[in-house]
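Please walk me through the charged contacts of this protein.

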Amino acid sequence: SSSSSSLSSSPSRRKGFFRRLLSRRERYDYNDEDNLNQLWSALREAASVRLVDRITDYNNNNNAQKQQDSSNNINININNNINNNIDNNIDNINNIDNDTDSKSANPDALESVLKAIEDTCQYNPTSTPTTSEKLKGTWRQLFTSNRSGILSGNIRNFEGTLSMDITQVPSLSGGLGEYNASVSVEGNAFNPGGLFSRFDGTITAENPTSLGISIPNAEYQVLSTPIFLKTSKTGEKEATSLDIRFLDENYLIIQDERGSWTVFERAVK
C-alpha cells in the first residue's frame, strides 16, 4: 500500500495531472469575453433562423388553407355594383374572413412559432431597446398572434401586413419618438384593389424595455383598381404599452399588454 501511495503522489504523475487540467481549462475557458460573445452570437443567429423557418411554415400552411376555403366559397353571390354597396360587401368579406381564420388556425404550427419566439428572446442582445438607435428604421411584420387593431396589421378584421418606419427614438427623460406606418390588405373578388391605410404617431419610453405608442384614428382606403372608391376611419384613437423582448440589427419582437406577440424583420432598402 505504501508503494501505491508513493506512486500516486509521484512528481511525474502530479505534473501530468496538472498539464491535463490546464490544457482542458485552456480549451474550455468561457471566462474569455470574446469566446462568450461569439458563442452568444451563434446561439442568437441559430434561434433567429429557426424562428423565421417556423413563421414561414406557419404562413404557408395558413395561406394554403385560406385558398382552399376561398375556393369553397366561390358560389357566393357577388354583387357587381360594388360602388353602391361597398359597406355590405365589406361586411360579407368580413364574415367569410372570420370563417376562414378559424379554419386556417393550426394549433401545432402556432405553438411551434410561439415556442421559437420565446427561445429567441432569451438571446436579446440589447439591454435598453426603447432608447437604442437600432430601433430606428423600417420594420416589416412577419408574424402576429394578435388579430385585433391596426397595429396588428388589420383593417376592420381583414388580415394585412404592417410596415412601420421609426424615424425618432424616444428618451427616458421624456423625449418623444416618432413613427409612420402603413397597412395593406390584399384584394379579392369583392374588392380587387384591397384596403390600404397610412398613419403616424408618437412613441414614449416608459422604461428601458417598454414603449408607450399612440394609435391614431387612421384613415383607410377601399380601392378597386384603378378606381378609388371610399375613405373611412378605423375608429381607433388610443395608446397602448408594448414590451420590446428582442432587438438586434435584423429582428424586432414585441409583446403587447394582452401577451400577444408580433415579430418584425428590418426591411432591406
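The whole structure holds 4 salt bridges. A salt bridge here is a side-chain nitrogen of Lys or Arg within 4 Å of a carboxyl oxygen of Asp or Glu. The model is predicted: local features need pLDDT of at least 70, side-chain atom pairs count only at pLDDT 80 or more, and totals for chains, interfaces and linings use all residues. Residues are numbered from 1 along each chain as its sequence is written, and side-chain values use heavy atoms, with hydrogens and water left out.

Start with D248 and R44. Their side chains form a salt bridge, 4.0 Å from N to O. D248 sits in the loop between β10 and β11 (251–256), and R44 sits in helix α3 (residues 33–72), so the pair ties together parts 204 residues apart in sequence. Helices (H or I, at least four residues) and strands (E, at least two) are DSSP runs, numbered from the N terminus. Both D248 and R44 are buried. Buried means under 20% relative accessible area, exposed over 50%, and partly exposed in between (1.4 Å probe, protein chains only).

Next comes E265 with R140. The closest N and O atoms of this salt bridge are 2.9 Å apart. Distant parts of the chain are linked here: E265 belongs to strand β12 (residues 261–266) and R140 to strand β1, 125 residues apart. E265 is partly exposed, at 24% relative accessible area. R140 is partly exposed too, at 38%.

E133 pairs with K136 in another salt bridge, with 3.4 Å between the closest N and O atoms. E133 counts as exposed because its relative accessibility is 52%. K136 has 31% and is partly exposed.

E206, E238, D243 and E257 form a negative surface patch. Patch residues have over 30% relative accessible area and no salt bridge, and like charges are joined within 9 Å. Asp and Glu count as negative. The place of a charge is CG of Asp or CD of Glu. Take E238 as one of the members. E238 lies in strand β10 (residues 238–247). Its relative accessible area is 48%, so E238 is partly exposed.

Finally, look at Q141. This residue lies in strand β1 (residues 137–144). Is Q141 buried or exposed? Q141 is buried, because its relative accessibility is 6%. What does Q141 touch, leaving aside residues up to four places away in sequence? Its contacts (heavy atoms within 4.5 Å) are R147, S152, G153, G160, T161, L162, T262, V263 and F264.

Definitions and conventions: Patch = residues over 30% accessible without salt bridge, like charges linked within 9 Å, V, L, I, M, F, W, Y side chains within 5 Å. Areas by Shrake-Rupley, 256 points an atom, 1.4 Å probe, with all protein chains shown as cover.
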